Amino acid sequence: MRRPLALALLLLLMHAAAMEVHEEDYTEEDEMILSLIRKDDSQPELESAPSGQFLRCTKAAWRVPGHYIVVLRRGTHENQVARTMRALRAKAARRGYLTEITRTYSGAVRGFLVKMSSDVLHMALKLPHVDYIEEDSTVFAQDLPWNLERIIQTKNMSGKYTPPNDGAQVGLYLMDTSVQTSHREIEGRVMVTDFNSVPEEDGVRVHRQANQCDSHGTHTAGVVSGRDSGVARGVSVNSVRVLNCQGKGTVSGVLAGLEYIHASLQVQPISPVIILLPFAGGFSRTLNTACREMVRSGAVLIAAAGNYQDDACLYSPASEPEVITVGATNAADQPLSAGTTGTNVGRCVDLFAPGDDIISASSDCATCFTTKSGTSQAAAHVAGIAAVLLNANPKASPAEVLQLLRHHSVQQVMNPDSLPAEHRLTTPNMVAALPKTTTPSGNPLLCRSVWSEKSGVAISDTVVAHCRQGEEMFSCSSYSPNGARAGERIEVRDGQKQCVAHNGIGGEGVYAIARCCTGNNVQCQAHASPQTGMDAECPSPEHQLTGCSSHFESGGVADPMRPLHGNHKACPARTGMTSHASCCHAPSLECRLNEHYPSGFTEQAAVSCEDSWTLTGCNSVSQGSITHGAYAWGNTCVVRVSGEGRGAAAIAICCRYRPLEQASSKHSHDQGNQ
């Protein structure tokens with residue numbers, strides 16, 4: 001705000017000359033200013049202690065520098081306010097500073113708002129009648145943004161956003177546009193790396209203003225760790241620029257960015273670490289491979305599902321199974337849809353999160369906010385929640401982080417009819433939320449269902465589902481839209497278990513459904529019938545039967561039998577069928593059957609596991625009807641039925657890790673029997 005003294009003198013002398021012609025317009029203010037300016041600068045003012053007090057906001061990020069509220073003493077008259085303003089202008093001009101009075105106050109306080117350099121403060125504080133000067137600061141509406149309110153499951157009586165922790169022990173790499181690091185929301189929380197790999201912007205008239213180039217990255221960083229809009233406000237963010245000012249990047253640029261991050265982590269390890277990928281492109285095998293390798297190195301990768309109202313499996317990195325892929329919901333907990341755009345859905349989506357009208361930092365100015373919508377914002381929410389989980393569980397693997405995210409999510413809130421019919425069964429109906437507490441409560445058995453794509457319609461067609469690295473396959477089932485399925489089996493290929501489903505004669509395609517679980521160093525084996533028609537048995541009493549599968553090699557319709565529990569744990573097989581028993585062993589693992597036999601025909605039968613028990617296997621037993629298959633819906637085993645007969649029974653295999661006190665009691669009992 002400082003200007004050369006000569007300029008101020010010239011302007012005021014010109015103004016005075018004009019006043020000589022129009023003497024009636026010559027004001028007392030002009031006289032005072034000219035008089036003070038014409039004083040001999042060789043006679044310095046006698047310095048004295050300021051009579052007024054200077055105040056400023058305790059929150060440094062909320063201060064508005066250069067804007068000051070000058071409050072005069074009680075009893076000051078209106079003409080004294082005017083004289084004080086003129087005196088301030090004159091003293092500032094004498095020192096070569098310009099001031100701008102933007103507002104006056106005459107109600108609860110008498111004074112004025114002035115825009116000026118902080119260098120003028122000491123002069124302003126010495127003016128007669130000045131009681132104190134307060135630096136202007138920002139105020140905010142205190143309604144908790146809907147998205148932050150939605151992800152909190154334990155409400156704070158004060159209405160404040162209070163996550164279990166701030167994620168301060170977690171590092172995050174944001175692969176996005178550039179970021180305006182001076183914004184009050186993220187100042188001091190984002191480090192801009194020296195990596196930059198972006199394509200040229202489209203068109204010849206692209207304006208690369210900073211506020212445009214920083215827009216997406218600044219908003220996303222604010223959602224993750226912003227002071228007021230962030231989910232995990234202690235997370236340190238490293239910005240890796242792979243998107244240009246139009247929000248576009250290339251697969252090659254992202255690959256280079258991932259290599260940069262990998263090399264950086266080799267030189268300076270960060271653990272735990274999250275890599276946020278708030279973008280989507282067409283399916284890329286190369287990009288998916290690079291993401292998979294990053295996960296294998298221990299990083300948690302979280303990606304946007306895409307905003308194309310399409311199958312997320314058609315896009316990368318959303319389609320990579322080792323990446324946590326996030327869809328977006330609105331304030332009504334329904335899939336985000338806005339005209340021709342909206343969240344991608346389908347089996348490649350792992351969970352949803354708030355993504356509509358999300359308030360966060362705007363790159364327009366250092367204190368500006370704006371709203372944005374999309375799966376980028378949803379992925380940023382999940383990255384923040386993952387940071388909270390990792391802060392409490394720093395040794396959790398990427399697979400365990402996914403299981404924890406799903407475990408703490410709000411289940412079955414989306415209206416299934418809002419999803420495309422072909423994706424209703426395979427799209428997870430869960431919206432991410434913070435855990436109620438991060439205090440360890442044992443080591444729960446956490447499971448999820450992984451659906452394959454639908455197979456072809458030929459009798460020989462098969463389809464495969466498999467678990468993530470770090471998960472164990474507890475069971476394998478299948479589902480056919482018209483019930484013509486030849487069953488399923490578990491096989492091992494290249495050291496990895498696969499759930500293989502077989503299309504049946506007259507089938508319209510079939511889905512394979514793997515039940516994948518984590519926790520407590522569990523180890524599972526698949527044991528097949530020695531020959532067709534014979535039971536598939538678990539190898540020892542220490543193993544628990546967690547699931548049964550069966551199939552007809554001939555392509556006939558599979559008709560499974562009731563699993564056998566108790567001392568003899570086995571999966572029976574009908575004549576011509578081969579059964580597969582999933583047998584798992586871990587300290588304190590226990591399992592049991594929950595069964596529901598409808599009294600008459602119903603198109604759907606269901607049975608659930610109780611609280612603290614987890615559904616690991618889901619089977620159907622026909623009572624003369626066509627069974628389309630069995631699948632998990634949350635912690636419930638669901639069986640679909642058609643045709644004649646009395647329907648079908650739903651049989652759930654429910655497992656848990658025995659509570660610590662029961663496990664200790666059993667251990668003591670076993671030792672007493674030795």
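Which handedness does the link of C447 and C517 have about the S-S bond? In this predicted model, local features need pLDDT of at least 70 and side-chain atom pairs count only at pLDDT 80 or more, whereas totals for chains, interfaces and linings use all residues. Residues are numbered from 1 along each chain as its sequence is written, and side-chain values use heavy atoms, with hydrogens and water left out.

The link of C447 and C517 is right-handed, with 110° about the S-S bond. Because C447 belongs to strand β21 (residues 446-451) and C517 to strand β26 (residues 511-518), this pair ties together parts that are 70 residues apart in sequence; strands (E, at least two residues) are DSSP runs, numbered from the N terminus. A disulfide is a covalent bond between the sulfur atoms of two cysteines, and the criterion applied here is a pair of cysteine sulfur atoms within 2.5 Å. By this rule the count comes to 12 disulfides, and the sulfur atoms of C447 and C517 are 2.0 Å apart.

The torsion about its S-S bond is about -90°, so the disulfide of C538 and C583 is left-handed. C538 is buried with a relative accessible area of 13%, and C583 is buried at 0%.

The disulfide of C591 and C655 has its sulfur atoms 2.0 Å apart and is right-handed, with 110° about the S-S bond. Since C591 lies in strand β32 (residues 589-596) and C655 in strand β37 (residues 648-657), the pair ties together parts that are 64 residues apart in sequence.

Conventions. Helices (H or I, at least four residues) and strands (E, at least two) are DSSP runs, numbered from the N terminus. Buried means under 20% relative accessible area, exposed over 50%, partly exposed in between (1.4 Å probe, protein chains only).
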